[in-house]
Amino acid sequence: MVQAEWVVVFIRHGHSEWNLTHRFTGWTDIELTEVGIGEAAAAGRRLAEEGFAFDEAHVSVLRRTRQTVEALLAGAAHPEVPIHATWRLNERHYGALQGLNKHEIFAAWGETQSRRWWRGYHEPPPALAHDDPRHPRFSPLYRDLHPAHLPATESLRDCQRRTLPYWREVLAPRVAAGRRLLVASHGNTLRGLIMHLEAISPEAMEHVEVPSGVPLVFRFARDMTVLGREWLE
């Protein structure tokens, strides 16, 4: 039994429909594939083997994270757990790259510039036009969100800045109170959180990868300093 009082399990959602065509998904609301459902269920079984249990789960408003949690909990044969959804755990918004694959992006902007956009920390891709149908203001998921919060593009730094308030104001206090949390989010969102928790530089962050469907266990001291982390593969 390894479950400790100050533990958070993070997981990137499983394989999604647009992974099949190598498209940049961002805030597009894409479902998991059967492969992704299977990844999440396998993660649940692995967590159950290690004795993990959860009091609550936190997801983005994008369905692929909720599907991941539901499949994970089913795989763990875990009792029903309350699920809290927030736009602050959404994937980074890729702006004009959203919906395109790498070949299309390289053709439009060149490989060197494109890689700076999606691997770097500071520079956002080109923004969506205000009337672009991909803009989040056209999605019913955000009808109650103030327009100032709706990005037309984001750098990793932008994504991190909107995610960290949720960590500081919602997640960390719950962990410190002894709540056992499961957090299902996205590759760049989790990269930003890892960068913050481990004080990783922007340069080093470019080389950090977050695999889909693999639980990442963070352990904290009572004052919420990081004691260690491990991937449960």
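Student: How does the lining of the largest pocket divide into nonpolar, polar and charged residues?
Tutor: This is a predicted model, in which local features need pLDDT of at least 70 and side-chain atom pairs pLDDT 80 or more, while totals for chains, interfaces and linings use all residues. Numbering runs from 1 along each chain as its sequence is written, and side-chain values use heavy atoms, without hydrogens and water. By class (Asp, Glu, Lys and Arg are charged; Ala, Val, Leu, Ile, Met, Phe, Trp, Tyr, Cys and Pro nonpolar; the others polar), the lining has four nonpolar, 10 polar and eight charged residues.

Student: Which residues lie closest to the centre of the second largest pocket?
Tutor: About 180 Å³ of space lies in the second largest pocket. Its lining divides into eight nonpolar, six polar and two charged residues. Of these 16 lining residues, the closest to the centre are Trp27, Thr28, Arg134, His135 and Ser139.

Student: Is the crossing of α1 and α2 left-handed or right-handed?
Tutor: Helix α1 (residues 34–49) and helix α2 (residues 63–75) have axes 7 Å apart, at an angle of about 45°. That angle makes α1 oblique to α2. The crossing is right-handed.

Student: How many nonpolar residues does the contact of α1 with α2 have?
Tutor: From α1, Ile37, Ala40, Ala41, Ala43, Gly44, Arg45 and Leu47 meet Gln67, Thr68, Ala71, Leu72 and Gly75 of α2 (heavy atoms within 4.5 Å). Besides four polar residues and one charged residue, the nonpolar residues of this contact number seven.

Student: How many charged residues are in the contact of α3 with α4?
Tutor: The axes of α3 (residues 102–109) and α4 (residues 111–119) come within 7 Å and cross at roughly 120°, and the two helices are therefore oblique to each other. Lys102, Ile105, Phe106 and Trp109 in α3 meet Glu111, Gln113, Ser114, Arg115, Trp117 and Trp118 in α4. Alongside five nonpolar and two polar residues, the charged residues number three.

Conventions: Axes are lines fitted to C-alpha atoms, for helices over the stretch in contact, and angles run from 0 to 180 degrees between N-to-C directions. Helices (H or I, at least four residues) and strands (E, at least two) are DSSP runs, numbered from the N terminus. Angles under 35 degrees count as roughly parallel, over 145 as roughly antiparallel, 65 to 115 as roughly perpendicular and the rest as oblique. On a 1 Å grid over the protein atoms alone, a cavity is a set of points where a 1.4 Å probe fits but cannot get out, and a pocket is an open set with protein on both sides within 12 Å along at least five of seven lines; lining residues have an atom within 4 Å of a point. Grid points are joined across faces, edges and corners, and a volume is the space filled by probe spheres set on the points. A crossing is left-handed if the near helix is turned anticlockwise from the far one by less than a right angle, and right-handed if clockwise.
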